[in-house]
Amino acid sequence: MSADLLIKNAKIVTPAGTYEGCVYVEGGRISAITQKAETGAAREIDAGGRFLLPGMVDEHVHMMDPGFTDREDWTTGTEAAARGGITTVIDHHRSEPLVYTREILEEKTAYIDSRSVVDFGQLGGLDVDNLEHLRPMWEGGALGFKGIHVRTARRARFVRGRRS
């Protein structure tokens with residue numbers, strides 16, 4: 001079987017159970033799972049009976065990049081994620097500029113594409129001032145939206161019945 005990578009003699013863990021087998025990878029994606037190894041892979045890894053787990057998804061990251069790379073950037077943040085078994089991260093829009101339009105979402109996607117070492121997705125920003133941009137962001141690839149409702153001290157006192 002032709003593949004870039006063969007991982008053989010693995011205990012493959014799936015939602016349906018764990019079984020011994022081989023995983024073939026072509027173009028960065030699983031192309032086949034078999035019980036016995038076949039020849040033809042460009043590279044082979046013998047798992048030696050070790051467990052082969054699916055990658056995890058971290059659906060709440062703040063890479064802070066672009067804009068605040070003194071805190072974290074996409075390359076080092078996703079390298080750390082990969083080291084911990086995370087193969088996909090979902091970034092919240094805490095970067096500069098904030099992701100409030102499809103244009104900004106697409107620019108940030110292009111920026112991330114050359115820096116991330118794992119798969120990624122993005123959330124768009126939700127604010128009362130950008131509601132008309134939500135559908136275009138969704139159509140442009142946003143996985144969802146995040147908004148923050150902040151109650152001011154004055155509003156909190158009013159709600160509790162202590163008007164000031």
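Predicted model: local features only at pLDDT ≥ 70, side-chain atom pairs only at ≥ 80, totals over all residues.

Me: Why is Q122 called buried?

Reply: Its relative accessible area is 3%, and buried means under 20%, so Q122 qualifies. Q122 sits in strand β8, residues 119-125. Leaving aside its neighbours within four places in sequence, Q122 is in contact with D91, V99, L105, K108, T109, I112, G141, A142, L143 and G144.

Me: What makes the pairing of Q122 and T109 a polar contact?

Reply: The distance. Their side chains are joined at 2.6 Å, and the cut-off for a pair of N or O atoms is 3.5 Å. A polar atom of the Q122 side chain also lies 3.4 Å from the backbone oxygen of L105.

Me: How do you know that K108 and D91 meet in a salt bridge?

Reply: The N to O distance between their side chains is 2.6 Å, and a salt bridge needs a Lys or Arg nitrogen within 4 Å of an Asp or Glu carboxyl oxygen, so the pair counts. This one links distant parts of the chain: K108 is in helix α2 (residues 102-113) and D91 is in strand β7 (residues 86-91), 17 residues apart. Both K108 and D91 are buried.

Me: How many salt bridges does the structure hold?

Reply: Three. Another one is K8 with E44, at 3.0 Å from N to O. That pair also links distant parts of the chain, with K8 in strand β1 and E44 in strand β4, 36 residues apart.

Me: What separates E106 and R102 in helix α2?

Reply: About one helical turn, because they are four residues apart in that helix. Their side chains meet in a salt bridge of 2.7 Å, N to O. E106, at 38% relative accessibility, counts as partly exposed, and R102 does too, at 31%.

Me: Why does I30 count as exposed?

Reply: I30 has 60% relative accessibility and exposed means over 50%, so the label holds. I30 lies in strand β3, residues 29-34. With Y19 and I33, I30 makes a nonpolar surface patch of about 300 Å².

Key
Residues numbered from 1 in each chain as written. Heavy atoms only, no water. Helix = DSSP H or I, 4+ residues; strand = E, 2+ residues; numbered from the N terminus. Buried < 20%, exposed > 50% of the residue type's maximum accessible area, 1.4 Å probe, protein only. Polar contact = N/O pair within 3.5 Å; in protein donor to acceptor, adjacent residues only side chain to side chain. Contact = heavy atoms within 4.5 Å. Patch = residues over 30% accessible without salt bridge, like charges linked within 9 Å, V, L, I, M, F, W, Y side chains within 5 Å. Areas by Shrake-Rupley, 256 points an atom, 1.4 Å probe, with all protein chains shown as cover.
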